[in-house]
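Hello,

Here is the structure for you to look over. Please open it alongside this message.

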Amino acid sequence: MSERWAYLNGEFVPESAAGISIADRGLIMGATVTEMTRTFAQQPFRLKAHLARLYRSLRFLQVDPGLTPAELQARTLELLHRNVASGEAGMEYGVIHFVTPGPLAYYADLDPATVRPTVCIHMFPLRWHPYERFFREGVHLVTPSTRHVPPQCLDPKMKYRSRMHFFLADREARLADPHAIALLLDLDGNLTETSGANFLLVRDGAIETPPTRNTLAGVSRDTVFELAGELDIPVRERDLQPHDAVNADEAFLSTTPYCLAPVTRFNGVPIGDGRPGPVLARLLMAWSERVGLDIVAQITGGDVTAADWLGR
Ligand SMILES: Cc1ncc(COP(=O)(O)O)c(C=O)c1O
């Protein structure tokens, strides 16, 4: 197997040669916007939606990557083609885009007029072992004392890399349970999101999820809305508190790499009967049908499938 390729600032280069300046403002200021798209059967899923969100983030940042969305898409497909052709058969990939405003002219001793944004695409093989446990035991969410950055400071509609608050929140959650994931509250005590997923719950047959005022408008969350429409499951966006989570019938996370995962405990309290529920099962089955493979079986190796949770 040969080394994977990356795309950096106009060129395809081996990953080991994809070096970024130590003066890059992505590193110095955390000024990076990013996306992650995944493949199903080596084909990118909702790449256009991810790129559209990236360009909305870039517009907000007032950074011009020097490529149109169509050009960036073409380079992404070319990179995927190169890496799939020389990679492990049957491997799925996470495809990362990130863009920064480029080096800080003062640190790099550059004329500011010559500074160009840093534009990178790279890929990594999706390994399932970090997620298997979610489908066997369910996710335990813990609300740490570290709060989400208020939207008045950083609009969460932008997918950004300044993740110190998420890092600290997850570390705190793991003090309560080494396998717990942090679900951050906002400053008013409303539920927001985890460091990498949106939170959704089910109550009286309807899905409820926090609004995008304080959470990322996840592409997977949008997919849930579409699938729920097809399945006649009502969806409501509204402010939710821990009280709503512990009293939910079901809860789950949505995110690109594993799509949907059951949340079975919240701050130590079982959600519903503490097992994955039928609404999540129906969504996962519909999603699996859409992409032509069993998502849960792909992650767990086949001994757990969403259909196991249907009759509950
Ligand atoms: C903070 C945050 N919320 C939610 C999500 C889920 O978004 P998506 O479904 O587009 O992957 C992510 C994805 O990484 C994220 O970083």
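Below are the notes on its pockets.

This is a predicted model, where local features need pLDDT of at least 70, side-chain atom pairs count only at pLDDT 80 or more, and totals for chains, interfaces and linings use all residues. Residues are numbered from 1 along each chain as its sequence is written, and side-chain values use heavy atoms, with hydrogens and water left out.

A pocket here is an open set of points on a 1 Å grid over the protein atoms alone, where a 1.4 Å probe fits, with protein on both sides within 12 Å along at least five of seven lines; lining residues have an atom within 4 Å of a point. Volume is the space filled by probe spheres set on the points, which are joined across faces, edges and corners.

**Largest pocket**

The volume is about 820 Å³. The lining has 41 residues, with Arg163, Ser195, Gly196, Ala197 and Thr255 nearest the centre. Helix H5 (129-137) is among the elements that supply at least two lining residues each, as are S3 (33-40) and S12 (250-255). H5 gives the largest share, 4 residues. Helices are DSSP runs of H or I, at least four residues; strands are runs of E, at least two. Domain 1 (5-126) and domain 2 (131-309) each contribute at least three lining residues. Those bounds come from an automatic or database domain assignment.

**Second largest pocket**

Its volume is about 160 Å³. Among its lining residues are Asp24, Phe98 and Arg161. Helix H1 (25-28) and strand S5 (93-100) each supply at least two.

Best wishes
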